[in-house]
Amino acid sequence: MLSNQAGDGKRSSLHGHWSSRMAFVLAVTGSAVGLGNIWKFPYIAGQNGGGAFVLVYLACVVLIGMPVMMSEILIGRRGRRNPVRTMQILGEEEGGSRRWGWVGGMGVIAGIFILSYYSVIAGWTLAYIVKSVSGVFVGATAEVVGAEFENYVGDWRKVGLTHTIFMALSVYVVARGVERGLEQAVRFMVPALLVLMLVLLVYSINSGYFGQGVAFMFTPDFEKLTQDSVLAALGQAFFTLSIGMGAIMAYGAYLPEETSITGASAAVVAADTAIAILAGLAIFPLVFANGLTPADGPGLVFNTLPMAFGQMQGGVFLSTIFFVLLSFAAWTSAIGLMEPAVAWIVERFNKTRAQATVMIGLLIWLLGFGTVLSFNKLSETRFLAGTIFNNVDYLTSNIMLPLGGLLIVWFAGWVMCRNSTSDELGNTGKIFKVWHLAARFLAPVGILFVLLNAVGLIEWIRDRLA
Ligand code: PHE
């Protein structure tokens, strides 16, 4: 243990450090802003009835997501190792048990599973860059755009190819290390994405259906809110913030000592939520304007946005830029999904970063074919929650991330001693107190309640008591 302590008694990371506070915020924002905001949020909100779901999602982001994110960063920075090792070290130091390492292990597995489908959808965005350039969407009707989507997704070879290209790109950046390239990409991508979402927003405001879109998104109808929708909202909050699986912990390991964890977390949460809400505001009016249904599923953005671009001046250009940016956003998230597994292999098995990345990349690439086939050859094959894609998505977002988040926030709130956490948060004043209360009570109770509710336990208990 002593060998990895720096002179001042603090550990330092084996993989280098972020060059500045800004670099860290950009990297975490890059990991958070991705397909989750623009592809997933609108269709999940659509499938769960809109307004009430959005409200629960926002509550989960602020009340649960924020304290969990702060916990993850502080644990990462204190441990300064891959999530598995970090949790083992701190588990031993703070709670007398190495077993906490399993929390990191679950994160490694969750990241691998999530990327296996994430890469397939990111591949769709790559294909849509080419389609945009080709001009097929110019003046296209809902039917034409829909058929284009069906033709592409229905052919497993095409989807397999774009999935392969995206995985190769991800392996390439992760193998080069955390800093180079990534910072530059995010610095440009997030603001550009915001600007394009605003362009789309102006278009949807003029579509004549803006009011209907806003009403769908913000008028809560609690009748539509099932126990499973509440779980989906919690899962989406975790997914979109990249928390609960060690990605943020791994990034925190490279964070310089003096950076404010609270400030960084708040900036990331704000940027991520703003982009998701903008995406919803841009997409739902178009859904209604074109006679589509919000519950259409994973194809929603691919069926609405190309049509909007097809009707705009300079649409070919804007559409191309949009899908390029979305691919970039997915790329910077894929890096976060791989980082825990790669850092673990490097440290645990003494591999080079390149070797570790190729190994993990190949595994994820293979698993990804389960999702590739979920939209064509195996689209009718049903397991527990539907297709292979549905199952992997449900297992990771709705179960593994909330469970990981629960254990992480529990560890930070109850197992770590107050001195360690207040030392990392650099603050013994109000902010620390609020975080500590949230980490001890609000977040764990909230997560537990939603999880137990979804398996019907709360109802069961209520029935017994009645
Ligand atoms: N937050 C990313 C998105 O919204 C997905 C992600 C999850 C990335 C977990 C890293 C870790 O697209």
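Here are some friendly notes on this predicted model, point by point.

1. **Ground rules.** Because this is a predicted model, local features need pLDDT of at least 70 and side-chain atom pairs count only at pLDDT 80 or more, while totals for chains, interfaces and linings use all residues. Residues are numbered from 1 along each chain as its sequence is written, and side-chain values use heavy atoms, with hydrogens and water left out.

2. **Overall build.** The protein chain has 19 helices and 0 strands; these are DSSP runs numbered from the N terminus, with H or I over at least four residues for helices and E over at least two for strands. Along the principal axes, the C-alpha atoms fill a box of roughly 65 × 60 × 40 Å.

3. Buried residues make up 60% of the 466 residues. Here buried means under 20% relative accessible area, exposed over 50%, and partly exposed in between (1.4 Å probe, protein chains only). Of the contacts with a separation of 6 or more, 82% are between residues 24 or more positions apart; a contact is heavy atoms within 4.5 Å.

4. **The nonpolar core.** The largest nonpolar core holds 157 residues, and Trp39, Ile75, Trp124 and Phe322 touch the most other members. Helix α5 (residues 101–134) supplies the largest share, 17 residues. Such a core is a set of buried Ala, Val, Leu, Ile, Met, Phe, Trp, Tyr and Cys residues joined through side-chain atoms within 4.5 Å.

5. **Around Trp39 and Phe149.** Leaving aside neighbours within four places in sequence, Trp39 is in contact with Tyr117, Ile121, Trp124, Pro298, Val301, Phe302 and Phe389. Phe149, in helix α6 (residues 142–153), is buried at 6% relative accessible area. Not counting residues up to four places away, Phe149 touches Trp124, Tyr128, Gly299, Phe302 and Asn303.

6. **Ile112 on α5.** Ile112 lies in helix α5 and is buried, at 11% relative accessibility. Beyond its neighbours within four places, Ile112 is in contact with Ala341, Ile360, Leu363, Ile364 and Leu367. Ile112 and Met338 are 226 residues apart in sequence, yet 6.8 Å apart in space, C-alpha to C-alpha.

7. **The α12–α13 crossing.** The axes of helix α12 (residues 261–289) and helix α13 (residues 300–310) come within 9 Å and cross at roughly 80°. The two helices are therefore roughly perpendicular, a label for angles of 65 to 115 degrees. Ile283, Phe284, Leu286 and Val287 of α12 meet Leu300, Val301, Thr304, Leu305 and Ala308 of α13. By class, this contact has 8 nonpolar, 1 polar and no charged residues. Elsewhere in α12 you will find Ala274, partly exposed at 37% relative accessible area; its C-alpha atom is 9.9 Å from that of Val33, 241 residues away along the chain.

8. **Helix α17.** In helix α17 (residues 418–425), Ser420, Thr421, Ser422, Glu424 and Leu425 are buried. The elements covering these residues include α3 (51–79), α4 (83–95), α12, α16 (388–415) and α18 (430–454). Just after α17, Gly426 takes a positive phi of about 60°.

9. **Backbone angles to look at.** Ser242, a residue other than glycine, has a positive phi near 60°. Ser242 sits in the loop between α10 (227–241) and α11 (247–252) and is buried at 10% relative accessibility. Asn350 also has a positive phi, near 55°, and lies in the loop between α14 (315–349) and α15 (353–374). Asn350, however, is exposed, with a relative accessible area of 72%.

10. Gly16 is in the segment before α1 (21–32) and counts as partly exposed at 30% relative accessibility. Gly16 and Leu55 are 39 residues apart in sequence and 40 Å apart in space, C-alpha to C-alpha.

Technical notes
Axes fitted to C-alpha atoms, helices over the stretch in contact; angles between N-to-C directions. Parallel < 35°, antiparallel > 145°, perpendicular 65-115°, else oblique. Nonpolar A, V, L, I, M, F, W, Y, C, P; charged D, E, K, R; others polar.
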